[in-house]
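Open the model in your viewer and keep the selection panel at hand. The stops below go from one selection to the next.

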Number of protein chains: 4
Amino acid sequence: MNTDILQFQSDYQEACHENILKRLTEEYRKPYPGYGSDSICEAAKEKIRKACHCPTAQVEFLVGGTQTNATVIDSFLPSYQGILCADSGHIAVHEAGAIELTRHKVLPLKGKDGKLSPKALEAFLSDFALDENKAHTVQPGMVYLSQPTEYGSLYSKAELTAISELCKKHQLLLFVDGARLAYALAAPENDLSLSDLAKLCDVFYIGGTKCGAMFGEAVVIPDAGRLPHFFTSIKQHGALLAKAWLLGLQFDELFRDELYLHIGEKANAYAREIKAALKDAGLPLFGDYPTNQVFFVISHEKMEQLKKQAQYAYMERYDENSSVIRFCTSWSTREEDVKKCCEIIRGL
Amino acid sequence: MNTDILQFQSDYQEACHENILKRLTEEYRKPYPGYGSDSICEAAKEKIRKACHCPTAQVEFLVGGTQTNATVIDSFLPSYQGILCADSGHIAVHEAGAIELTRHKVLPLKGKDGKLSPKALEAFLSDFALDENKAHTVQPGMVYLSQPTEYGSLYSKAELTAISELCKKHQLLLFVDGARLAYALAAPENDLSLSDLAKLCDVFYIGGTKCGAMFGEAVVIPDAGRLPHFFTSIKQHGALLAKAWLLGLQFDELFRDELYLHIGEKANAYAREIKAALKDAGLPLFGDYPTNQVFFVISHEKMEQLKKQAQYAYMERYDENSSVIRFCTSWSTREEDVKKCCEIIRGL
Amino acid sequence: MNTDILQFQSDYQEACHENILKRLTEEYRKPYPGYGSDSICEAAKEKIRKACHCPTAQVEFLVGGTQTNATVIDSFLPSYQGILCADSGHIAVHEAGAIELTRHKVLPLKGKDGKLSPKALEAFLSDFALDENKAHTVQPGMVYLSQPTEYGSLYSKAELTAISELCKKHQLLLFVDGARLAYALAAPENDLSLSDLAKLCDVFYIGGTKCGAMFGEAVVIPDAGRLPHFFTSIKQHGALLAKAWLLGLQFDELFRDELYLHIGEKANAYAREIKAALKDAGLPLFGDYPTNQVFFVISHEKMEQLKKQAQYAYMERYDENSSVIRFCTSWSTREEDVKKCCEIIRGL
Amino acid sequence: MNTDILQFQSDYQEACHENILKRLTEEYRKPYPGYGSDSICEAAKEKIRKACHCPTAQVEFLVGGTQTNATVIDSFLPSYQGILCADSGHIAVHEAGAIELTRHKVLPLKGKDGKLSPKALEAFLSDFALDENKAHTVQPGMVYLSQPTEYGSLYSKAELTAISELCKKHQLLLFVDGARLAYALAAPENDLSLSDLAKLCDVFYIGGTKCGAMFGEAVVIPDAGRLPHFFTSIKQHGALLAKAWLLGLQFDELFRDELYLHIGEKANAYAREIKAALKDAGLPLFGDYPTNQVFFVISHEKMEQLKKQAQYAYMERYDENSSVIRFCTSWSTREEDVKKCCEIIRGL
């Protein structure tokens, strides 16, 4: 890797927040029991329960996002039930069939701004209720959404409440993928707290991998006892870390002194700076959302020029001469790199 | 956890070897691309290929043992094929149905000393070949064994060669689970090298989690190209780490200057000391094998006494008054703790 | 069931063609060995091989359509591969997740007239080939199409040839679902013979259930030997009939004296008569295709009137005041019922 | 097939009882709605509910035994639960991994006379309850047994009651495979009625394929409502017959005038005659049980001689010079064939 090139292609490039390394340095040669039955995991779970104002919650630590999505969905749903999501949902697009590997059909609904609209959901559910052949089709069992979405947009409290009520009405479970949740929580535009998530969802997870941890996702089931054998199911899905105390350690640090609530702030601010530079350079945004992902349209000529100076993620063809690409900031982004990036953009 | 109690219950309690922490401290705030497409992974893979004298090998890093077993078996076998193993094999006993979750039947054969004997395997395969109803039963597709075994015993080069030849003759694949491979490689009694494994197996893995790493298992497929889509299959099984460079980093350190070949030496020596103490104390071994696990029979009265001073792993009831328990040493075991443990044993 | 009401809701209502009942009456108390190892199955397979001009074909008899689709797809594809089809494809819509139950993602492409267009397929495959993230997504492994389609339309020989060539170019398998194949073969507009199917497909099936048999679908794999353990896979999928000779018996009759090639003729002709009546009555067709299914738009008022005299299949809402419904003729439809049905239609 | 050879190799060789053919001849050209929503299915279900003295039961018709086992087990159990059975249980031995295909581990316990003993079951469940690592292993969720067993033996009412109580105590479901149930019900030694099964089991099935039908198994769930989406699950498992009325028709005939309760009587009597002949000929029985299967030991020399005159099923090697083989009588066995068979045996 050419380290002279600015790194803005994803939010999972650097290992971890310094507090985590510090704690690991202190603990790495102490023995802890395996599989999460240790004191650090317990402390971390307690911090998360408090942050969610949900003392009854069951909290479990898994390793990665795709793994967490597949394990949660398969643990909650019988196989004749499918999972509804926006057509841009991560489970519908970029998980190599991991959900289908657990035998569940992903049922994508046309989304807007990366979001599942309560209206589209209601339309689907009404149609389904009326379908005379519905016993011959996959039963919808759960709604999946991401906060923030894969496009960086946010559900408002009103939107999630509407979706939650629809789910209750139609006896569907609600699952929120919070792989990038720290960036939502740090956005001034956001009005959905951890406590709201605990009230509105049946299960959600708090992302670690993209939000300051080396790896790890914390699954929260507000109503503990819903899945009596969830631990065994995690094990069966190959998602149980032997040294689970390393997961506990990371979340214990992320939830110490509200670090998790603020760790995304700079990333969001830097994204705003980059958006301003793109505006100055006349490069149109492909959706303008308040978190750490910046999608924009660029001509292929300028893209070639940019490639020599800054790493981006390629998304899709826009038209014959241009494409959509993404810059991603993160908890680890450095101010000087943002400055350089903005200069480069303005110089295109 | 009462830290005054000696910790001998497992070999996955402390985080990692100091070289790994040191390297992580140097690298933790450098950006690396995701999913294993980074320079550290490449360097680590090259070191492993060299250690195996197998320049053509495909090497992939997964996170944990159960996950690796399930992903490898499911990637190599169609679902009508099952996997043969000793009845004490980890996949047959302690993986919560993770192999069955991938739809493969585990076919346990009666083992001896935790090992699958070439003779038992041959008998099964001959019977199967003659079975008139064999098209109505699960087809054996792969042989699984662990080196060292779940009991700590070792396959000799002659034994593995015999099994490998049987596999070739009957068109079965051979898969070796090396979750504790470092302890085998460090045993003076061992005559099976990494290079032998690469010659005799279709796929094997080099364990990290129990051998000095925080987590991680390195899958080696000597004949690269056998599974063109193995990467996608790993992803689909939820086994792809986003920051895979952390896996590369750990194996790069474990294979620097032959660390992996020696990291188990002390553990084996300490196990011998503990066995000597048990002998002195008149506590009979439950199998005497050259690696880091020590199984022995103890009366329930003495077990209660021991419990206050040293953590062990409970295995199974032996008879009305006694049980089999295990002490486990590891790369992280300290000499003074072994001394104390031996004193405690002798004092029972 | 009110037998005074005309029955046009589906093509699987009556048990079987009289030749099949006659043969069953002759054979029903003779003993035959199980699982297809009998002389009648062998004779039927030979007749099918001859009808397909494909002496090398492997022919296997399964019981039902959804079962056949799931078993064939799962037997040919590893789980990281998905199956492309038109968005109206039966596997995408009406099989209750049976394909996902075998862990394969169904990848629907926007169809036209119920058909997958070679152009849409080529566009998808070109995009996929260029996708930088393709290793993170489901790999397309097979193309599924129905002849005739779920709408009753037909692929021409030119269209299927184009699709077959695309499949070969991109190393995809081609699978044709012929649940209603007799109606295609009997249509004057059709130019795709059984022999063409055997040349162009990797696997297809000849439907019995909707084409004169009590049940049964004959899977044809032109290149026998492609799936050495297909029999065991059928068994594992619960799709092996103990008295498979009953399947053989039915196909032996359907392929005696070219019965199968002609059994759909009257059904197609009757469908044309019904379409003429609908035209006369001013009820617009919802697609006009040459086989035995007639879809049309009808006001809810007239639908209520119709309901008292003739059974139809309800398809979907068309607009506020009208819906799409289907009349289906079959090998068992009686002329006098068609006459009555046309009168009823004209009287609406 | 050489029809001069007596046919005693299995109980699924002839198509069906004459009443079924007669009824089919009457009905075969009448239209019935699909998927079991017809009047014949309803009548058959009602007859079965009455025969079981269980007016609340849900009854569903599936096609074959392996399919029924897999569909029932997978519909009732989450995947982390396995199924306990005797080691000779059909699901453990002869279903090509069909249960594992649905991701459930089969947990065989050492049986006696083909039966799971309440004692062995209790021992397993007690050990499991005490196992400190039980969260890392497959959870037992259901007990499977066959009545009669694969060896032809019978559970008594006392035995099944004991097993049922153990299941309730340990929160396991009880599932009885009645593929050959007619032969149990017709045995004078039997004291387990259909009504007892409905009281003691959570689900069982009444076999058609081996008991007079062309195909078909009737699943009975005494407490209807246990599985609200069982119909969709049947469809998803490829086990829904389009012309389900053909299943209804067969069971409607089998349960007319108690035919099913008596259809196995002659078969059992004929089996007794064969056993008497074997005794006379000095050929030792391999278990002596009161239903229609006769297992015995025969020297290879005599086996060769027998082979020319009567078809048997080969079971397994007994010793160097002899093997275990099986004669099977059925509802379709003819008296004159039994006479001839006995003569042949006595002449060996």
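How far apart do the end C-alpha atoms of residues 35-247 of chain A lie, and what share of the span is helix and what share strand? The end atoms are 10 Å apart, and the span is 38% helix and 18% strand. Helices (H or I, at least four residues) and strands (E, at least two) are DSSP runs, numbered from the N terminus. According to UniProt, in an unreviewed entry, residues 35-247 of chain A carry the annotation "domain: Aromatic amino acid beta-eliminating lyase/threonine aldolase". UniProt positions are given in the numbering used here, feature names are shortened, and annotations may be inferred rather than shown by experiment.

Two points on reading the model. This is a predicted model, in which local features need pLDDT of at least 70 and side-chain atom pairs count only at pLDDT 80 or more, while totals for chains, interfaces and linings use all residues. Residues are numbered from 1 along each chain as its sequence is written, chains are lettered from A and ligands numbered from 1 in the order in which they are written, and side-chain values use heavy atoms, with hydrogens and water left out.

**Chains A and B**

**Aromatic pairs**

Next, select Phe61(A) and Phe251(A). Over all chains, the whole structure holds 46 aromatic pairs. Rings of Phe, Tyr and Trp (its six-membered ring) pair if their centres lie within 6.5 Å; planes under 30 degrees apart count as stacked, over 60 as edge-to-face and the rest as tilted. The ring centres of Phe61(A) and Phe251(A) are 5.2 Å apart and the planes are at 15°, so this pair is stacked. Phe61(A) sits in strand β2 (residues 58-62) of chain A and Phe251(A) in helix α11 (residues 245-254) of chain A, 190 residues apart.

Move to Phe175(B) and Tyr205(B), a tilted pair with 6.1 Å centre to centre and 40° between the planes. Phe175(B) belongs to strand β6 (residues 173-178) of chain B and Tyr205(B) to strand β7 (residues 203-207) of chain B, so the pair ties together parts 30 residues apart in sequence. Phe175(B) is buried at 0% relative accessibility, and Tyr205(B) is buried at 1%.

**Asn268(B)**

Stay in chain B and pick Asn268(B), in helix α13 (residues 265-281). Asn268(B) is buried, with 1% relative accessibility. Leaving aside residues up to four places away in sequence, Asn268(B) touches (heavy atoms within 4.5 Å) several residues, including Tyr183(B), Pro290(B) and Thr329(B).

**The sheet in chain D**

Finally, show the strands of chain D. Seven strands form an open sheet in the order β2-β8-β7-β6-β5-β3-β4, with mixed pairing. Two strands pair if DSSP finds at least two bridges between them. Strands β3 (residues 81-86) and β5 (residues 139-146) of chain D pair in the parallel sense over four bridges. Ile83(D) has Met142(D) as its bridge partner in β5(D).

How values were computed:
Buried means under 20% relative accessible area, exposed over 50%, partly exposed in between (1.4 Å probe, protein chains only).
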